[in-house]
Amino acid sequence: MDIKPLEKEKIPYSELEELEKECPSQEKEKKNGISSLDDEKEIISKNILSNIHQYDVIIIGGGLTGLRAALQVSDAQLKVAIISKVHPLRSHSVAAQGGMNASLANVPGENETVDNWKIHAYDTVKGSDYLADQDAVEIMCREAPSTVIELEHMGTAWSRLENGKIAQRPFGGAGFPRTCYAADRTGHNALHTLYEQVISRDIPIYEDFFVTSLVTENEYCVGCTALEILTGKIHGFLASAVLMATGGFGRLFNSSTNALINTGDGQSLALNAGVSLKDMEFVQFHPTTLYGTNILITEGARGEGGILINKNGERFMGNYAPNSLDLAPRDVVARAIDTEIAEGRGFKGGYVHLDLRHLGEELIKERLPGIRQISIDFAGVDPINEPIPIQPGQHYSMGGIDADKDGKTSLKGFYAAGECACISVHGANRLGGNSLLETVVFGRMVGDAIIEEISKGSCKEQNNLETVQKAITEIDSKLKIILSRNTSENQFKIKESLNNTMSSKFGIFRDRVVMEKGILEIEEIKKKLSQIKIDNKKLALNQAIIRFLELEYLVQLAETVAFAAMKREESRGSHTRTDYPSRDDKKFLKHTITSLQNKKISVSYKPVVLGMFKPQERVY
Amino acid sequence: MKLKVFRYHEGMSAPHYDTFSLEEEPSMTVLRALFQFQEQFDDSLAFQYSCRGSVCGACAMLINKVPRLACRTQVASLLKGEQQIALSPYPALEEKVGWDPSQEVLVEPLPHFPVVKDLIVDRNAFFKSYKFMEPVIKPESIPPKENLMDPSDLPDLELYTNCILCAACYGACPVDGENKDYLGPAALAKLYRFHIDPRDADNRRLEKADINNGWWACDFHGNCRQVCPKGVPPIMAIGQAQAELMEKKEKSEDKK
């Protein structure tokens, strides 16, 4: 076995060179800034300098949003770096299967009707149970065709129609076959494409860096701190703009399709920096996740004609969505399956069947090869011969960092996009195929907004060395305190009980009594956090401490989900209150805002941006 | 059922193995077993993971002397003696420690990379080869709409776009073990992927690896194809590329 000592420096750029870099729009001031740095060099030891990196733009997260945004700002000649706790190709975007919605109209609708962005927007707004901001939805749907085509030009291997155009399949809640796909590996194909583009531009990537705090000064976000996982060293990053693109918080729940790394780091970091979160109670449960492991089985399987069958052999969706049947939106289908199981029509253990057998071997192998492999590997079932056992599982976080359509937040210099953000294109329920779309559209658009802001000269003073050094010291001592504890709580057991609480008390069906219990349980869990003991006392490559920091983030988000869910006394989209079974537009056609005030979560509301489509009853 | 895990960290004089009795879980994967080890036995165990659904490629490691994804490999079927893959031998497959395959699952870091800690290796060399290939589409021109593509071109292209860059093939390739400068199966397959993409305008793609440590270094052991969790066949790409290059050379000789 080949064993070599760990390479100490894997930083892509010379740090000193970074400190000399200049913001294009404020050359003069910057030069002054640098010279004052030079003056200070006696008090700043070289050691600390090597920990501090300066860019125009820092992007936290290397999934589709982060990579797309990085391309945009890099092409505008801004100096940008990506920070990610994993290699970008391990980001959860890679797991997206079914596709990306765009009204390309490559496939005609019923009776030769032709799709357009307005119908896409209507489907999205109706799917959102009217909680989406319609200005943001309009942008996303208008930009969708050019976004899919842009990826095609960058090299994505989209599946094709006989005429050579990009193939499209039907998806839940959509009036047209609108979902463009690359077999059932759409996320994989798109992520590899964008990574290729990032690599070809030599954009620096700080891989295996775990972000530990946002650094703010005078109500401006000036950068972040991050733990270099391999060495245990804390780094500081300074930038004119920081974009959060860290994905969702699915690992708050114990049955989730999400990657194990989806721990809501970005939402929690934002909350702690004084930024509000929006609509956190809206958590999507995907109807078809593999029984047991909860690995995603794409909605595309039903798009291609797959049907849901209960224990009695009945195709039950007709009882819940007489028109759309198995292709109703996810909230509707997930509730239907849970109801079937609760009423004794599920299989023992709590699942139903997704039957693809009638589609035939050829179609399954051509369009759904990935989920066939997953079914074989993880459930020992070949969908060509047997139905797939499925159950609903947490899948997507509609809520997130409160951001406007430019990704701007209440904190100047701090932006958010993708699943970690709530620009609010999904409202109370996201349509399948709209999340990949959102990541790439808003990765680019928010990239543009950042470029514009920096070129306007709203670059702030760059002499924030002291602030970032202070932030580094704070994190350093925090980690040391955690490691020095001689307490006895086991973090893995606490994580398990948090997951159980969230899934059993804040799952598909919710009511006050159960949620009250849940809130008390979260309080108990929160108290135990400071009693957790970590055995591994070294900071370098200590996964236990990374998992602990992730747990801290998750517990904080659990509170926001719980309080927001408790206060929303209505049923809308994914948020189903058995004690308030109807939608209540008079009281709750508004976004929930959760923020941290005096270390406590407070809940307030803000209006929804309506527009083209007036709220109506939502029937499928 | 037991897990026998390779342990090493900087400063240790030599690596050792830890053995841990597993608590049985239904359809337990090796990744789940590693988490059990970390959560119940020693929280300092280090291994990489992300998707746990065999799509991200983070958790490639040497399991029962075969490079595999930990998240895709079932403990029970290993113990039953299933999932055996006969690989062309290379030094990393030699038994350095005794283990009982009917009772134990042996987990070691992916061969041919420097070990950083326990099961984590430094894949830098792998991504350096990848980058060397200039893995990005180079179009002739950009049409206003999508490029049209014959759907019958896709199956071949998908064979290679399915690569998740987990590096299992690199850890399985005897040539990579002997020759650190060999570009390796995944990078070569990636280059071939761009070569056969009908949208790509660079007609000198294959020449990029027309060097001693490129196409010509392959000994056709075929381990790459056998261990690929996504069914990608780098050996086929390499064979095709060699044939095409030879044909090209013959043609240019003829012209002279």
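Author: In this predicted model, the C-alpha centres of domain 1 and domain 2 of chain B are 29 Å apart. The domain assignment places domain 1 of chain B at residues 2-120 and domain 2 of chain B at residues 123-255. Where the two touch, domain 1 of chain B contributes 21 residues and domain 2 of chain B contributes 20 residues.

Chain B also holds an open sheet of five strands, in the order β2-β1-β5-β3-β4, and its pairing is mixed. Its edges are β2(B), residues 16-21, and β4(B), residues 66-69; each has a single partner strand, so one side of each has no neighbour in the sheet. On average, neighbouring strands of this sheet are turned by 35° against each other, with direction ignored. Strand β3(B), residues 60-63, is joined to β4(B) by four bridges, and the two strands run antiparallel. One of the residue pairs is Met61(B) with Arg68(B), its bridge partner in β4(B).

α1(B) lies across β1(B) (2-7), β2(B), β3(B) and β5(B) (104-108), and runs at about 75° to β1(B). The helix α1(B), residues 30-40, also takes part in the lining of the second largest pocket, where it supplies at least two residues. From chain A, α15(A) (491-505) and α17(A) (543-567) each supply at least two residues to the lining of this pocket as well. Of the contributions, that of α15(A) is the most, at seven residues.

The second largest pocket has a volume of about 1300 Å³. Its lining counts 40 residues, and those nearest the centre are Arg251(A), Asn254(A), Glu25(B), Arg32(B) and Glu39(B). Sorted by class, the lining of this pocket consists of 13 nonpolar, 16 polar and 11 charged residues.

The second largest cavity gives another set of values. There are 10 cavities of 30 Å³ or more in the model, and the second largest cavity holds about 110 Å³ of space. Its lining has 15 residues; Cys163(B), Cys166(B), Cys169(B), Ala186(B) and Cys228(B) are the closest to the centre of this cavity. Two helices of chain B, α5(B) (168-172) and α7(B) (185-195), each give at least two residues to the lining of the cavity. By class, that lining has 14 nonpolar residues, no polar residues and one charged residue.

Eight bridges join β20(A), residues 590-597, to β21(A), residues 600-607, and the strands run antiparallel. Thr592(A) stands opposite Tyr605(A) of β21(A), and Gln597(A) stands opposite Lys600(A) of β21(A). Two residues lie between the strands of the hairpin, and Asn598(A) takes a positive phi near 50° there.

Chain A has its own domain assignment, with domain 1 at residues 95-191, domain 2 at residues 285-394 and domain 3 at residues 476-596. The C-alpha centres of domain 2 of chain A and domain 3 of chain A lie 29 Å apart. The contact here involves seven residues of domain 2 of chain A and seven residues of domain 3 of chain A.

How values were computed:
Residues numbered from 1 in each chain as written. Chains lettered and ligands numbered in written order. Predicted model: local features only at pLDDT ≥ 70, side-chain atom pairs only at ≥ 80, totals over all residues. Heavy atoms only, no water. 1 Å grid on protein atoms, 1.4 Å probe; cavity = no way out; pocket = protein on both sides within 12 Å on 5 of 7 lines; lining within 4 Å. Points joined across faces, edges and corners; volume = space filled by probe spheres on them. Nonpolar A, V, L, I, M, F, W, Y, C, P; charged D, E, K, R; others polar. Pairing = 2+ DSSP bridges. Axes fitted to C-alpha atoms, helices over the stretch in contact; angles between N-to-C directions. Contact = heavy atoms within 4.5 Å. Domains from an automatic or database assignment.
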